[in-house]
Amino acid sequence: MTKVKICGLKNQTDIKCINTLSPDFAGFVMFFEKSHRNISVQTAQELLALLDKNIKSVAVTVSPTEEQLEQIYNLGFDYVQIHGKISEKLLSECKTPVIRAINVNGIESIGDIENLDNVKGILFDSAVPGSGKSFDWSMLEKLPKNQKMLFLAGGLTADNVAKAVAQLRPFAVDVSSGVELADKSGKDFELVRTFIENARNSK
């Protein structure tokens with residue numbers, strides 16, 4: 001069964017929603033002030049304390065520094081999701097298991113990270129991460145299956161996630177803007193519930 005990651009959690013109401021609906025992964029945007037989903041280290045600590053321990057926590061970052069990765073490790077996140085640029089040295093020395101995010105126009109670089117032991121997953125996102133825009137999933141159909149967890153992100157919603165799962169059979173699907181309230185204040189409980197159901201029940 002395809003796993004589900006709900007990303008961009010930012011308040012206690014979101015955590016209550018997630019704890020009730022039990023996705024497999026919960027994502028928290030950190031050290032990226034351009035995003036309205038960005039949370040502070042203190043908020044992250046408070047929300048992690050409330051999160052169901054059966055749900056894996058993921059710190060979502062863009063080109064993190066060594067100090068930021070250390071803070072994420074000290075907070076006790078299960079994974080760190082890394083977008084943007086990062087040196088192979090810093091990537092290989094990261095103490096928290098890594099989910100490396102790749103924009104679809106950078107698929108040719110996947111070979112550079114496949115052999116790093118601490119890179120446990122690869123997340124394929126649209127050209128503009130966090131935009132809620134999808135991409136041509138057929139680009140991923142011929143990717144060789146390996147031991148890495150493959151996450152599909154970018155423009156997924158409750159309406160199209162079943163089709164995406166049926167077409168690609170990824171390890172997990174990832175959603176943020178597709179399950180937000182209209183005012184972007186947090187997650188929409190019914191959209192999250194329907195997204196999880198449609199992802200897990202896809203034939």
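Start the tour with the aromatic rings: five aromatic pairs turn up here. The model you have open is a predicted one, so keep that in mind as you click along.

**Stop 1: two ring pairs**

Select Phe 28 and Phe 77. Their rings form an edge-to-face pair, with 6.0 Å from centre to centre and 65° between the planes. Where does each partner sit? Phe 28 is in strand E2, while Phe 77 is in the loop between helix H3 (66–75) and strand E4 (79–83), so the pair ties together parts that are 49 residues apart in sequence. Check the surface around them and you will find both Phe 28 and Phe 77 buried.

**Stop 2: Met 149**

Move along strand E7 (residues 149–152) to Met 149. Its relative accessibility of 12% makes Met 149 buried, as that is under the 20% cut-off. Which residues does Met 149 touch, once neighbours within four places in sequence are set aside? The contacts are Phe 25, Tyr 79, Lys 120, Gly 121, Ile 122 and Phe 171. If you like distance labels, draw one from the C-alpha of Met 149 to that of Leu 123: the two are 8.2 Å apart in space and 26 residues apart in sequence.

**Stop 3**

Next, a general point: nonpolar side chains tend to be buried together in soluble globular proteins. The largest nonpolar core in this model has 49 residues, and those with the most contacts inside it are Ile 6, Phe 28, Phe 77, Val 173 and Phe 195. A second, separate core has 13 residues, including Cys 7, Val 58, Tyr 79 and Ala 153.

Centre the view on Ile 6. Leaving aside neighbours within four places in sequence, Ile 6 is in contact with a list of residues that includes Ile 18, Pro 23, Phe 25, Val 175, Val 192, Phe 195 and Ile 196.

While you are here, colour the cysteines. Cys 7 is buried, at 6% relative accessible area, and Cys 17 is buried as well, at 4%. How many disulfides are there? The count is zero.

**Stop 4: helix H2**

Select helix H2 (residues 41–50) and pick out its buried residues, Ala 44, Leu 47 and Leu 48. Looking down the axis, you will see that they cover an arc of only 105°, which puts them on the same side of H2. Turn to the face of H2 away from the buried side to find the exposed residues Gln 42, Gln 45 and Ala 49. What covers the buried residues of H2? The cover includes H1, E2, strand E3 (56–62) and H3.

**Stop 5: Thr 2**

Go to the segment before strand E1 (3–6), where Thr 2 lies. Thr 2 counts as buried, with 9% relative accessibility. Show side chains and find the reach from Thr 2 to the backbone oxygen of Pro 170, at 3.3 Å. Beyond neighbours within four places in sequence, the contacts of Thr 2 are Val 165, Pro 170, Phe 171, Ala 172, Val 173, Ala 199 and Arg 200.

**Stop 6**

Most residues other than glycine have a negative phi. Which way do Ser 22 and Lys 184 go, positive or negative? Phi of Ser 22 is positive, near 55°, and phi of Lys 184 is also positive, near 60°.

Ser 22 is in the loop between helix H1 (12–21) and strand E2 (25–29), and is partly exposed at 34% relative accessibility. Lys 184 lies in the loop between strand E8 (172–175) and helix H6 (189–200), and is partly exposed at 47%.

How values were computed
Residues are numbered from 1 along each chain as its sequence is written. This is a predicted model: local features need pLDDT of at least 70, side-chain atom pairs count only at pLDDT 80 or more; totals for chains, interfaces and linings use all residues. Side-chain values use heavy atoms; hydrogens and water are left out. Helices (H or I, at least four residues) and strands (E, at least two) are DSSP runs, numbered from the N terminus. Buried means under 20% relative accessible area, exposed over 50%, partly exposed in between (1.4 Å probe, protein chains only). A disulfide is a pair of cysteine sulfur atoms within 2.5 Å. Contact means heavy atoms within 4.5 Å. A nonpolar core is a set of buried Ala, Val, Leu, Ile, Met, Phe, Trp, Tyr and Cys residues joined through side-chain atoms within 4.5 Å. Rings of Phe, Tyr and Trp (its six-membered ring) pair if their centres lie within 6.5 Å; planes under 30 degrees apart count as stacked, over 60 as edge-to-face and the rest as tilted. The arc is that of the directions from the helix axis to the C-beta atoms. A polar contact is a pair of N or O atoms within 3.5 Å; within protein, one must be able to donate a hydrogen and the other to accept it, and residues adjacent in sequence count only if both atoms are side-chain atoms.
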